[in-house]
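Subject: Handover of a structure

Dear colleague,

Please find below the structure that I am handing over to you. I would be grateful if you kept it open while reading the notes that come after it.

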Amino acid sequence: MRARPLTLIQDDLVDYDKAMERMGELVEERHSGARPDTLWLLSHPPVYTIGRKTPQEHLPDPAHDIPVVRTTRGGQLTYHGPGQLVGYLVVRLDSGEGVVDYIREVEFRLIEALGRLGVPAERRDTPPGSELLTGVWTRHTGRKIVSIGMRQSRGITSHGFALNVNGDLEPWHWAVACGLPDVHMSSVARESGAATMEQVRSMVATAFEAS
């Protein structure tokens, strides 16, 4: 993997709609050359986000009172909440590089970070005709620990990944995550027995050469 240093922005809990506005501003700054490639680390209050192709039957029961927001990223339904580290990546792709190529790089960098946290992990290839297996799974237990959904516009990426650190996993059970009815979601805390958000933030920033 070649060097690709990023500028790091860090926030704590940011409302999803406000984060989308700010991410749009970051993308425009990258297009104009006013901003270098950037990784923004943050978390969101409880919210489900859905892609353009998410089926109605995958949505949560409204009785749980967690908002559902349609988004412009690729992928299916994802849950965000406290205790989850979200990383938005605003990066100019190289000539001939597509967003799927960059997603593979993101997977490998997160696998590196998880390994340093004591959670062996792996990516998965998608069998023909199956729902995309984009993301990262734990190697020993076969659970999904990172969801990834990105897009690119005029060669600049946006959106990114969601890494479960030590938050409540129950809301994942109230909907069909990632278009995969049988998926089992996990977290760093569940797999390693201990994790702090500060430790995970540091390891992720290091893996993405972000400072």
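The notes below describe the sheets, the helices and a salt bridge.

Please bear in mind that this is a predicted model, in which local features need pLDDT of at least 70 and side-chain atom pairs count only at pLDDT 80 or more, while totals for chains, interfaces and linings use all residues. Residues are numbered from 1 along each chain as its sequence is written, and side-chain values use heavy atoms, with hydrogens and water left out.

Helices (H or I, at least four residues) and strands (E, at least two) are DSSP runs, numbered from the N terminus. Two strands pair if DSSP finds at least two bridges between them.

Valine 136 has valine 146 of β9 opposite it.

How do the two helices meet? The axes of α2 and α4 come within 8 Å and cross at roughly 140°. This makes α2 oblique to α4 (angles under 35 degrees count as roughly parallel, over 145 as roughly antiparallel, 65 to 115 as roughly perpendicular and the rest as oblique). On the α2 side, the contact is made by Arg109, Leu110, Glu112, Ala113 and Arg116, and on the α4 side by Met203, Val204, Thr206 and Ala207.

A second open sheet has 3 strands in the order β4-β3-β5, again with mixed pairing. Here β4 (68-70) and β5 (78-80) stand at the edges. Strand β3 (residues 47-50) runs antiparallel to β5, joined by 3 bridges, and valine 47 has histidine 80 of β5 as its bridge partner.

Finally, the structure holds 16 salt bridges (a side-chain nitrogen of Lys or Arg within 4 Å of a carboxyl oxygen of Asp or Glu). One of them joins the side chains of aspartate 94 and arginine 2, at 2.6 Å from N to O. Aspartate 94 lies in the loop between β6 and α2 and arginine 2 in the segment before β1, so the pair ties together parts that are 92 residues apart in sequence.

Yours sincerely

Methods
Axes are lines fitted to C-alpha atoms, for helices over the stretch in contact, and angles run from 0 to 180 degrees between N-to-C directions. Contact means heavy atoms within 4.5 Å.
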